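Here is a short briefing on a protein model. Keep the sequence and the 3D view open while you read.

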Amino acid sequence: MTVESQIEQMAHARRECARKLGFLDAGIWLGQPVGFPLARQLPPEELASVIGKSFITGGLVSHWRGKTVSAQDGNLALQAALPSFPNDTYAVWTGLPLNPAEPGPLPGQGDLPEGVRGVRVFPKSHNYPLAGWVIGSLCDWLVEHRLPLFIWHVELDWPSLHALAGKFPQLKVIVETQTQKILYHTRPLFALMRECRNVLVEISNFVGVRLIEYAVEQFGAERLIFGSFQPISDPLVPIGMVIDAEISDSEKALIASGNLRRLIEEVQP
């Protein structure tokens with residue numbers, strides 16, 4: 001067998017593994033990225049081409065305007081795009097403290113909007129503390145509807161998140177590894193995951209030697225959520241991390257799609 005044929009055989013095996021896992025992506029972003037001058041934006045009409053490509057079968061979609069303009073503006077943009085979402089694809093709204101109440105679509109005010117399966121907060125960008133006395137009413141609403149709370153690790157401080165996760169043990173908190181590598185923050189992250197079983201980590205930038213293996217060994221594969229942060233990042237990078245991880249096939253399946261699907265299906269209208 002030639003070297004070329006060996007390489008093709010290996011590539012075929014990896015493609016088949018990725019296809020079999022069928023990844024659900026928690027990190028698909030619409031709109032104009034900020035802080036990434038070379039990144040192209042993903043318009044809503046191209047979302048369908050992303051789903052089904054690079055072994056992504058569905059997932060959660062966010063909008064940059066929820067961070068860069070206003071929570072309401074990003075939520076309105078997602079609301080307008082929702083009718084064109086492919087199957088198995090849902091929205092992540094941006095949340096704010098509800099004191100005082102503000103006009104416009106915000107999570108925590110009224111019923112759960114159709115098609116929303118998660119909420120993200122940006123406490124540093126939007127200038128408020130990540131504390132129960134500030135976002136407690138929002139967290140109560142999330143628990144009521146069994147919605148997960150997403151937050152970039154660059155938007156939080158670890159003591160505050162530890163206190164919030166402890167105050168709301170039924171709230172699933174997803175620490176996202178964007179927009180910088182979380183490599184230099186794994187010690188507080190792992191300490192937090194050990195203390196608070198309701199804290200999970202999204203793996204799009206979970207870059208480091210055997211980090212996935214360590215997390216699975218210490219906390220279980222059910223604590224890891226697949227995400228890509230596309231179109232800024234290539235989804236094949238975290239897909240390769242899962243495929244190459246020295247863990248069981250069943251654990252890979254949980255990370256690739258099982259854990260996120262469980263969170264999506266647990267949401268209560």
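The largest pocket is lined by R40, L42, E46, S49, V50, K53, S54, Q230, P231, S233, D234 and P235. It holds about 240 Å³ of space. The model is predicted. The points below cover the pockets, the cavity and the sheet.

**Largest pocket**
- By class, the lining of the largest pocket splits into four nonpolar, four polar and four charged residues.
- Among the lining residues are R40, E46, K53 and D234.
- The lining also includes S49, S54, Q230 and S233.

**Second largest pocket**
- The second largest pocket has a volume of about 150 Å³.
- L142, V143, R146, L147, P148, Q170, L171, K172, L263 and E266 form its lining.
- Two elements, α5 (132-145) and α10 (249-266), each give two or more residues to this lining.
- By class, the lining of the second largest pocket has six nonpolar residues, one polar residue and three charged residues.

**Cavity**
- The count comes to one cavity of 30 Å³ or more.
- The largest cavity has a volume of about 40 Å³.
- Its lining residues are A26, G27, W29, W152, E176, Q178, E202, S204 and F229.
- Four of the lining residues of the largest cavity are nonpolar, three are polar and two are charged.
- Strand β1 (residues 23-30) gives the most to this lining, with three residues.

**Sheet**
- Eight strands make an open sheet, with parallel pairing.
- Their order is β1-β2-β3-β4-β5-β6-β7-β8.
- β1 and β8 (224-225) stand at the edges with a single partner strand each, so one side of each has no neighbour in the sheet.
- Is β1 largely enclosed by the rest of the structure, or largely open? Eight of its eight residues are buried, so β1 is largely enclosed by the rest of the structure.

**Strand pairs**
- β1 and β2 pair in the parallel sense over six bridges.
- L30 has H63 in β2 as its bridge partner.
- Strand β2 (residues 56-63) also pairs with strand β3 (residues 89-94), in the parallel sense and over three bridges.
- Opposite V61 stands A91 in β3.

**Points to locate in the view**
- For the largest pocket, find R40 and P235, two of its lining residues.
- For the second largest pocket, find L142 and E266, which are among its lining residues.
- For the largest cavity, find W29 and W152, which are among its lining residues.

Technical notes. Residues numbered from 1 in each chain as written. Predicted model: local features only at pLDDT ≥ 70, side-chain atom pairs only at ≥ 80, totals over all residues. Heavy atoms only, no water. 1 Å grid on protein atoms, 1.4 Å probe; cavity = no way out; pocket = protein on both sides within 12 Å on 5 of 7 lines; lining within 4 Å. Points joined across faces, edges and corners; volume = space filled by probe spheres on them. Helix = DSSP H or I, 4+ residues; strand = E, 2+ residues; numbered from the N terminus. Nonpolar A, V, L, I, M, F, W, Y, C, P; charged D, E, K, R; others polar. Pairing = 2+ DSSP bridges. Buried < 20%, exposed > 50% of the residue type's maximum accessible area, 1.4 Å probe, protein only.
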